[in-house]
Amino acid sequence: MAKALELRNITKRYPLVLANDRISLDVNWGEVLAIVGENGAGKSTLMKIVYGLVKPDQGEILVDGQPTVITGPKDAIAKGIGMVHQHFMLVEPFTVLENVILGSEPGSRAQIDLARARAEVDALNKELGFNLDLEAKIEDLAVGLQQRVEILKAIYRKAKILILDEPTAVLTPQEAEELFEFLRKFVQQGNAAIFISHKLAEVVRVSDRTTVIRDGKVVGTVNTKDTNVEQLARMMVGREVILTVNKTPKTPGEVMLEVEGLVAQSHNPKHSLKGISFQVRAGEVVGIAGVEGNGQTELVEAITGLRPYQGTIRYGGQELPQRARAVREWGLSHIPEDRNQRGLVLDFSTRENSILGDHYRKPYTALGFQESDDIERHARQVVENFDVRPRSTELAGRRYSGGNAQKIIVGRELSRDPKVLIAAQPTRGVDIGAIEFIHEQIVAARDKGLAVLLVSADLNEVRSLSDRILVMFEGQIMGELKAEEATEERLGLLMAGIKA
């Protein structure tokens with residue numbers, strides 16, 4: 001029987017980067033193939049080639065055994081290939097029905113046959129068990145339902161091969177389980193699916209085979225039932241990786257950060273903060289869990305002086321000023337959720353990035369002049385102590401991998417000797433090896449007596465690092481759990497806005 005999809009020697013070069021190096025892999029009808037690899041390994045580039053968003057420099061694609069040239073998404077769709085992107089491609093003011101049929105409207109150019117479209121989409125909606133309200137606007141739907149719209153859109157276009165790029169990043173555990181159930185049924189009907197994820201435990205649960213990519217090359221393909229998370233991690237990184245966080249119980253000290261009645265506005269009312277209150281003590285990690293887009297960004301921006309708010313934020317018992325520079329000077333460090341936008345100046349050198357935010361203060365500046373020796377000495381310490389590779393103080397920020405760029409930020413923020421650390425998505429887009437290192441640094445900071453507020457969309461990260469966990473939903477704290485009480489089920493319900 002012909003393969004659903006076969007890639008032969010796919011190669012894609014960019015300036016200074018060989019993204020895909022003669023990659024060959026195949027997907028069978030009736031199976032879920034997982035593709036895993038570190039950030040920057042070439043997974044997304046490869047899938048963009050399959051979907052026609054990127055043109056390969058060489059190689060061959062076969063669909064159902066037939067050589068195929070895919071020059072754009074229309075070609076991919078015509079061949080039965082659908083893709084659900086990590087960042088949804090939906091028009092928010094449009095309804096579910098309008099999004100599903102957009103670009104594939106039945107009827108003539110002069111008039112869309114909406115009755116026929118509604119009947120077809122409604123039948124498919126019921127067949128898949130998605131229970132979507134076809135007249136609901138996308139902007140009013142939770143992200144889990146928005147993902148269903150993306151899948152419905154692909155299957156409406158007759159997709160038989162479905163590519164899902166990091167599909168559980170925005171889902172509660174219950175929503176992720178529903179997605180896995182859909183995938184199992186989808187392939188049992190004779191279709192094929194490609195599942196791209198960095199969550200290895202999910203890969204082991206949902207896939208039939210797993211292909212590992214490292215540095216643009218296929219390291220190997222294994223039957224998933226014959227492997228485990230540890231082996232896959234070893235294949236991805238090329239060495240043993242400690243996947244568990246070694247954290248001993250600690251007794252928290254005085255309250256260092258106190259948030260009381262915090263209200264802050266956002267462009268989307270669902271993201272606005274609605275009277276949030278909590279405390280973080282010295283020597284503890286308080287985790288904020290929740291599906292992204294429920295006010296976490298607004299909370300971090302308010303605390304760090306980047307967003308105006310009503311309410312009170314206290315540091316060591318004193319009310320914090322609402323200015324970002326003053327917040328840093330008082331003793332708060334901030335690992336921002338977007339390292340490229342707020343963490344680094346990409347054209348600055350490592351040396352310059354290592355003092356960002358403190359560049360105007362002693363010992364880096366005196367009498368209006370920068371002290372180059374002190375800056376170089378500090379940058380060298382950050383590079384060495386936080387294992388930044390390559391060991392350069394001259395390299396521009398944009399030249400580092402995601403993991404090493406993040407290490408520069410973590411090193412800079414912890415080297416300031418802060419009393420409070422706000423860590424927002426500290427391992428987003430970071431490879432497994434760097435995740436291991438960053439987790440160790442956060443635990444070490446907590447053990448030194450720092451009060452750490454951890455905001456992460458990765459539930460395993462929150463559960464592993466936190467002493468207490470708060471769950472956010474639509475700008476409110478839904479509940480608080482001790483780390484040992486925080487099962488996936490309990491957290492998932494709170495993340496969905498269900499308290500009981």
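Q: Is Phe195 buried or exposed?
A: Phe195 is buried. Burial is read from relative accessible area, and anything under 20% counts as buried. Phe195 has a relative accessible area of 0%, so it qualifies. This is a predicted model.

Q: And Phe180, buried or exposed?
A: Phe180 counts as buried because its relative accessibility is 1%.

Q: How many aromatic pairs does the structure hold?
A: There are 5 aromatic pairs. Among them are Phe180 and Phe195.

Q: What kind of pair do the rings of Phe180 and Phe195 make?
A: Read the ring planes: over 60 degrees apart, they count as edge-to-face. Here the planes stand at 70° and the ring centres are 6.1 Å apart, so the pair is edge-to-face.

Q: What does that pair tie together?
A: Phe180 sits in helix α6 (residues 173-188) and Phe195 in strand β8 (residues 192-196), so the pair links parts that are 15 residues apart in sequence.

Q: Which residues form an aromatic cluster?
A: Phe130, Phe182 and Phe186 form one cluster.

Q: How do I read the two sides of strand β3?
A: Start with the general idea. In a regular strand, side chains alternate between the two faces of the sheet. Now the case. On one side of β3 lie Val32, Ala34 and Val36; on the other lie Leu33 and Ile35. Both faces are covered, and these residues are all buried. For β3 (residues 32-36), that is 5 of the 5 residues, so the strand is largely enclosed by the rest of the structure.

Q: In which sense does β3 pair with β8, parallel or antiparallel?
A: β3 and β8 pair in the parallel sense, over 4 bridges. Val32 stands opposite Ala193 in β8. β3 also pairs with strand β9 (residues 209-214), again in the parallel sense over 4 bridges. There, Ile35 stands opposite Thr211 in β9.

Q: What is the strand order in the open sheet of 4 strands?
A: The order is β12-β11-β14-β15, with antiparallel pairing. The edge strands, β12 (273-281) and β15 (318-319), each pair on one side only. Inside the sheet, β11 (residues 255-264) and β14 (residues 310-315) pair over 5 bridges. Glu260 stands opposite Thr312 in β14.

Q: Which helix packs on this sheet?
A: Helix α9 (residues 296-303) does, touching β11, β12 and β14. The direction of α9 makes about 60° with that of β12.

Q: How many residues of α9 are buried?
A: The count is 7 of the 8 residues, so α9 is largely enclosed by the rest of the structure. The buried residues include Glu298, Leu299 and Val300. Gln296 and Glu301 are buried too. After α9 comes Gly305, whose phi is positive, near 80°.

Q: How do I read the packing of α4 and α5?
A: Two packed helices are described by the angle between their axes and the distance between the axes. For α4 (residues 114-128) and α5 (residues 143-156), the angle is about 115° and the axes lie 11 Å apart. The crossing of α4 past α5 is right-handed.

Q: Which residues of α4 and α5 meet?
A: First a general point. An α-helix has 3.6 residues a turn, so residues three or four places apart point the same way. From α4, the contact takes Glu120, Val121, Leu124, Asn125 and Leu128. From α5, it takes Leu152, Ile155 and Tyr156. These contact residues divide into 6 nonpolar, 1 polar and 1 charged.

Conventions. Residues numbered from 1 in each chain as written. Heavy atoms only, no water. Pairing = 2+ DSSP bridges. Contact = heavy atoms within 4.5 Å. Axes fitted to C-alpha atoms, helices over the stretch in contact; angles between N-to-C directions. Buried < 20%, exposed > 50% of the residue type's maximum accessible area, 1.4 Å probe, protein only. Left-handed = near helix turned anticlockwise from the far one by under 90°. Nonpolar A, V, L, I, M, F, W, Y, C, P; charged D, E, K, R; others polar. Phe/Tyr/Trp six-rings, centres within 6.5 Å; stacked < 30°, edge-to-face > 60°.
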